[in-house]
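Subject: Structure handover

Hello,

Here is the structure you will be working with. Please open it next to this email and follow the notes in order.

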Amino acid sequence: MLSTRTNERVFRSIYRNLKETFPSWNDIDGHRVGEFHGILAPGGLSSLKAYQLLGIFSALRSEFGRATLAPLKAMTDEGAERFLMALPGIGKKVAKCVLMYSLDRQVLPVDVHTHRVAFRLGLKAKRRPDTSQDLIEVQVPPRLRYGFHVNAIAHGRTVCLPRQPMCGACVLRQYCPYPKAQKKK
């Protein structure tokens with residue numbers, strides 16, 4: 001959630017500041033809202049993010065007795081995803097990110113970069129990433145999803161850019177139908 005509409009350097013700095021100020025997520029409650037909000041401010045949307053995160057911590061405490069995701073490890077992927085998506089501000093992509101990065105599940109979060117790279121490589125996708133999540137995920141074998149996600153983000157940020165992709169410098173150019181399709185236009 002910290003990375004939403006925020007560049008990586010800023011959200012990593014915010015995360016470090018949060019963990020220094022609040023070593024445990026259980027330390028974040030309604031008593032230090034101003035301090036919490038202030039730490040989130042550099043990333044933008046701080047009021048919304050603070051409200052959602054406080055709601056998540058509260059829901060986790062209510063459900064599990066503390067702000068933890070550990071009980072989700074015993075759930076199925078589908079059950080854990082449903083639980084996460086019931087939390088404030090958590091959509092499918094964020095739920096999939098939590099499943100992948102925090103719970104070591106073989107799911108595939110589809111963000112703008114993953115969507116763009118997948119589409120250009122010829123995977124079936126709809127127009128928007130949020131409507132392509134399930135469609136793209138089923139096309140990537142579970143054991144390859146983590147690597148595909150991480151590499152598609154890096155590749156999408158540096159080479160396979162939204163406008164003016166650097167196809168000539170792309171390591172995937174011999175497999176990618178996108179440059180050939182652009183020449184036909």
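The largest pocket holds about 2000 Å³ of space. The search ran on a 1 Å grid over the protein atoms alone, and a pocket is an open set of points with protein on both sides within 12 Å along at least five of seven lines. A cavity, which comes up further down, is a set of points where a 1.4 Å probe fits but cannot get out. Lining residues have an atom within 4 Å of a point. Grid points are joined across faces, edges and corners, and a volume is the space filled by probe spheres set on the points.

The largest pocket is lined by 49 residues, and Met-1, Leu-2, Ser-3, Val-94 and Cys-97 are the closest to its centre. Two or more lining residues come from each of helix H1 (8-21), helix H3 (46-64), helix H5 (92-102), helix H6 (112-120), helix H7 (129-139) and helix H8 (145-158). Helices (H or I, at least four residues) and strands (E, at least two) are DSSP runs, numbered from the N terminus. By class, the lining of the largest pocket has 28 nonpolar, 12 polar and 9 charged residues. Here Ala, Val, Leu, Ile, Met, Phe, Trp, Tyr, Cys and Pro count as nonpolar, Asp, Glu, Lys and Arg as charged, and the others, Gly among them, as polar.

Before going on, note that this is a predicted model, in which local features need pLDDT of at least 70 and side-chain atom pairs count only at pLDDT 80 or more, while totals for chains, interfaces and linings use all residues. Residues are numbered from 1 along each chain as its sequence is written, and side-chain values use heavy atoms, with hydrogens and water left out.

The chain as a whole

The protein chain has 9 helices and 0 strands. Its C-alpha trace spans about 60 × 35 × 25 Å along the principal axes. Of its 185 residues, 38% count as buried (buried means under 20% relative accessible area, exposed over 50%, partly exposed in between, with a 1.4 Å probe and protein chains only). Among contacts between residues at least 6 apart in sequence, 49% join residues at least 24 apart; contact means heavy atoms within 4.5 Å.

The other spaces

The second largest pocket holds about 230 Å³. Its lining includes Val-112, His-115, Arg-116, Pro-162 and Tyr-178. H6 gives the largest share of that lining, 5 residues. The lining of the second largest pocket divides into 5 nonpolar, 1 polar and 4 charged residues.

There is 1 cavity of 30 Å³ or more. The largest cavity has a volume of about 110 Å³. Its lining has 15 residues, and His-155, Cys-160, Cys-167, Cys-170 and Cys-176 lie nearest the centre. H6 and helix H9 (178-184) are the elements that give two or more residues to this lining. The lining of the largest cavity is made up of 12 nonpolar, 1 polar and 2 charged residues.

A helix pair

Two packed helices are described by the angle between their axes and the distance between the axes. How do H1 and helix H2 (residues 33-40) pack? Their axes are 9 Å apart, at an angle of about 155 degrees. H1 is therefore roughly antiparallel to H2. Axes are lines fitted to C-alpha atoms, for helices over the stretch in contact, and angles run from 0 to 180 degrees between N-to-C directions. Angles under 35 degrees count as roughly parallel, over 145 as roughly antiparallel, 65 to 115 as roughly perpendicular and the rest as oblique. H1 makes the contact with Ile-14, Asn-17, Leu-18 and Thr-21, and H2 with Glu-35, Phe-36, Ile-39 and Leu-40. These residues divide into 5 nonpolar, 2 polar and 1 charged.

Single residues

Is Gln-52 buried or exposed? Gln-52, found in helix H3, has a relative accessible area of 15% and is therefore buried. Leaving aside neighbours within four places in sequence, Gln-52 is in contact with Met-1, Pro-88 and Gly-89.

Asp-104 lies in the loop between H5 and H6. Its phi is near 55 degrees, a positive value in a residue other than glycine. Asp-104 counts as exposed, at 66% relative accessibility.

Gln-164, in the loop between H8 and H9, has a positive phi of about 55 degrees and is not a glycine. Its relative accessibility is 70%, so Gln-164 counts as exposed.

Regards
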